[in-house]
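Please look over the sequence and the model shown here before reading on. The paragraphs below are meant to be read alongside them.

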Amino acid sequence: VLGRSAADEMRRRRPDILFTEIPWRGHIPFLDEPAAISLVTAWLSQVDAFAQARHSGQTDTRAPEPLPE
């Protein structure tokens, strides 16, 4: 959970970041909101794809390099 300026900066540095804004949540979301479920599902799909690639012996399963500042 980030403030607007921190989230904007993270998105500027990593345009490929998974991001969603949960409306009407001033604090930590419950993670049962449709937007939260969609985001967590997308993230788990990325984790699964990474694990499958690594398990199948692909040589480059590193996370993307950070963008320069």
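What follows goes from the overall fold to the helices, the salt bridges, the loop and the pocket.

This is a predicted model, in which local features need pLDDT of at least 70 and side-chain atom pairs count only at pLDDT 80 or more, while totals for chains, interfaces and linings use all residues. Residues are numbered from 1 along each chain as its sequence is written, and side-chain values use heavy atoms, with hydrogens and water left out.

The secondary structure of the chain comes to 2 helices and 0 strands, where helices (H or I, at least four residues) and strands (E, at least two) are DSSP runs numbered from the N terminus. The chain has 69 residues, of which 10% count as buried; here buried means under 20% relative accessible area, exposed means over 50%, and partly exposed lies in between, with a 1.4 Å probe and protein chains only. Of the contacts (heavy atoms within 4.5 Å) between residues at least 6 apart in sequence, 42% join residues at least 24 apart.

Helix 2 runs over residues 34-55 and has 22 residues. From its first C-alpha to its last, helix 2 reaches 31 Å, close to the 32 Å expected at 1.5 Å a residue, the expected span being 1.5 Å times one less than the number of residues. Just after helix 2 comes Gly-57, with a positive phi of about 90°.

Helix 1 spans residues 4-13, and a network of salt bridges links Glu-9, Arg-12 and Arg-13. A salt bridge is taken here as a side-chain nitrogen of Lys or Arg within 4 Å of a carboxyl oxygen of Asp or Glu. An α-helix has 3.6 residues a turn, so residues three or four places apart point the same way. Both ends of the Glu-9 to Arg-13 pair are partly exposed, Glu-9 with a relative accessible area of 30% and Arg-13 with 34%.

A search of the whole structure finds 4 salt bridges, and among them is one between the side chains of Arg-14 and Asp-16, at 3.0 Å from N to O. Arg-14 counts as partly exposed at 24% relative accessibility, and Asp-16 also counts as partly exposed, at 47%.

Met-10 is found in helix 1 and is partly exposed at 37% relative accessibility; not counting residues up to four places away in sequence, Met-10 touches Leu-2 and Ile-17. Asp-8 lies in helix 1 as well and is partly exposed at 37%. Asp-8 and Phe-19 are 11 residues apart in sequence, and their C-alpha atoms are 10.0 Å apart in space.

Leaving aside neighbours within four places in sequence, Glu-33 is in contact with Ile-22 and Arg-25. Leu-31 has its place in the loop too, but Leu-31 is exposed, with a relative accessible area of 52%, and has a positive phi of about 70° although it is not a glycine.

The largest pocket holds about 660 Å³ of space. Of the 23 residues that line the largest pocket, the closest to its centre are Val-1, Leu-2, Phe-19, Thr-20 and Glu-21. The elements that give two or more residues to this lining are helix 1 and helix 2, and helix 1 gives the most, with 5 residues. A pocket is defined on a 1 Å grid over the protein atoms alone, as an open set of points where a 1.4 Å probe fits, with protein on both sides within 12 Å along at least five of seven lines, and lining residues have an atom within 4 Å of a point.

Notes
Points joined across faces, edges and corners; volume = space filled by probe spheres on them.
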